[in-house]
Amino acid sequence: MLVKNADGIFLWVALVCQYLENVPRDPLTKLRKFPPGLGPLYERMMKEILESLELEDINLCKQILEFMTVAHRPTTLKELAYFIETSEALSDNLDSLKTDIGLCGSFLTVKYNTVYFMHQSAKGFLVEKASSEIFPSGMEETTKQHEDLQDGSMVDKFLRKHYLHWLEALALLGGLSEGILAMSQLADLAQAWKSWSACLQTLEGHSNWVYSVTFSHDSKLLASALRDRIIKVWDASNAQCLQTLEGHGSSVNSVIFSHDSKLLASASRDRIVKVWDASNG
């Protein structure tokens with residue numbers, strides 16, 4: 001049934017298998033309900049979130065998917081915890097946050113405490129087909145909200161010009177304790193924003209020195225050449241290792257893609273150049 005409904009799309013199989021991992025009983029019955037094709041599968045996953053969960057969990061999933069969709073790179077669990085509005089997530093209980101992410105169907109995956117989209121097509125679906133569900137105030141407004149802590153933003157200008165006036169007003173109104181709590185929460189958010197690294201991806205899995213890396217010309221793939229005579233080909237969008245190419249008798253010093261990104265050439269200390277099919281090795 002997996003082969004039949006997958007229609008040759010391995011990603012469909014991966015998404016369904018990830019979902020079935022969390023099914024406590026009778027996974028075959030669930031499997032029969034999954035429609036063929038990525039689009040219908042994503043629609044079913046979204047429907048499951050909106051119709052099968054408690055209201056609190058639905059809102060939590062929407063917050064997580066909303067933030068991940070407007071984020072420009074994969075997000076660590078600690079960063080995500082600061083930006084979603086739940087007291088549990090704002091604690092140090094990252095295992096609980098992983099469980100919450102698991103409620104979001106197979107849209108997201110967690111590796112080395114970093115949250116990724118399972119595939120770029122999942123993010124595309126949320127933007128193009130499900131934006132009305134996860135962006136109730138509109139995607140542009142949501143993106144603007146996540147930019148409010150930058151220098152020059154409205155929050156920054158207010159604090160620079162009226163912070164002491166605001167504290168004085170709160171003291172007169174008997175709300176100084178609420179103001180202190182609000183500033184503590186803002187400081188936590190600012191710290192998370194400050195720690196937001198410019199590093200977009202961390203590719204782990206090499207067992208020895210990396211001598212060379214190169215992007216394909218369409219920027220979809222990344223190849224790395226290793227001292228242990230191995231070449232790895234990665235999905236540049238989600239840092240997943242797609243292939244491990246073996247065959248050289250010594251360390252691989254250099255790799256390069258052909259102009260159409262279909263071929264990959266490698267040069268080794270064994271005085272041999274090999275040309276590989278970049279799609280299947």
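This report walks through the strands, hairpins and a few individual residues of the chain above.

## Ground rules and overview

The model is a predicted one, in which local features need pLDDT of at least 70, side-chain atom pairs count only at pLDDT 80 or more, and totals for chains, interfaces and linings use all residues. Residues are numbered from 1 along each chain as its sequence is written, and side-chain values use heavy atoms, with hydrogens and water left out.

Let's start with the whole chain. It holds 12 helices and 10 strands; these are DSSP runs numbered from the N terminus, with helices being H or I of at least four residues and strands being E of at least two. Of its 281 residues, 38% count as buried, where buried means under 20% relative accessible area, exposed over 50%, and partly exposed in between, using a 1.4 Å probe and protein chains only. The accessible surface comes to about 16700 Å², and carbon and sulfur atoms account for 53% of that; the areas come from the Shrake-Rupley method with a 1.4 Å probe, and for residues only the protein chains shown count as cover. Among contacts (heavy atoms within 4.5 Å) between residues at least 6 apart in sequence, 50% join residues at least 24 apart.

Two strands count as paired if DSSP finds at least two bridges between them. Strand β1 (residues 75-76) pairs with β3 in the antiparallel sense over two bridges, and Thr75 stands opposite Val115. Strand β2 is also antiparallel to β3, with four bridges joining them, and here Lys111 stands opposite Thr114.

## The turn between β2 and β3

The hairpin of β2 and β3 has two residues between its strands, and Tyr112 in the turn has a positive phi of about 50 degrees. Most residues other than glycine have a negative phi. Asn113 is partly exposed, with a relative accessible area of 37%.

Now to strand β9 (residues 263-268), whose covered face carries Leu264, Ser266 and Ser268, while Leu263, Ala265 and Ala267 lie on the uncovered one. Strand β8 (residues 252-257) runs antiparallel to β9 and is joined to it by five bridges, with Phe257 opposite Leu264. Five residues lie between the two strands of this hairpin, and Ser261 in the turn has a positive phi of about 65 degrees.

Strand β10 (residues 273-277) is likewise antiparallel to β9, with five bridges between them. Leu263 has Asp277 in β10 as its bridge partner. The hairpin of β9 and β10 has four residues between the strands, and Arg271 takes a positive phi near 65 degrees there.

## Two further residues

Arg229 sits in the loop between β5 (221-226) and β6 (230-235). Its phi is positive, about 75 degrees, although Arg229 is not a glycine, and at 44% relative accessibility Arg229 counts as partly exposed.

Finally, Val127 has its place in helix α8 (residues 120-128) and counts as partly exposed at 30% relative accessibility. The C-alpha atoms of Val127 and Thr69 are separated by 7.3 Å, with the two residues 58 apart along the chain.
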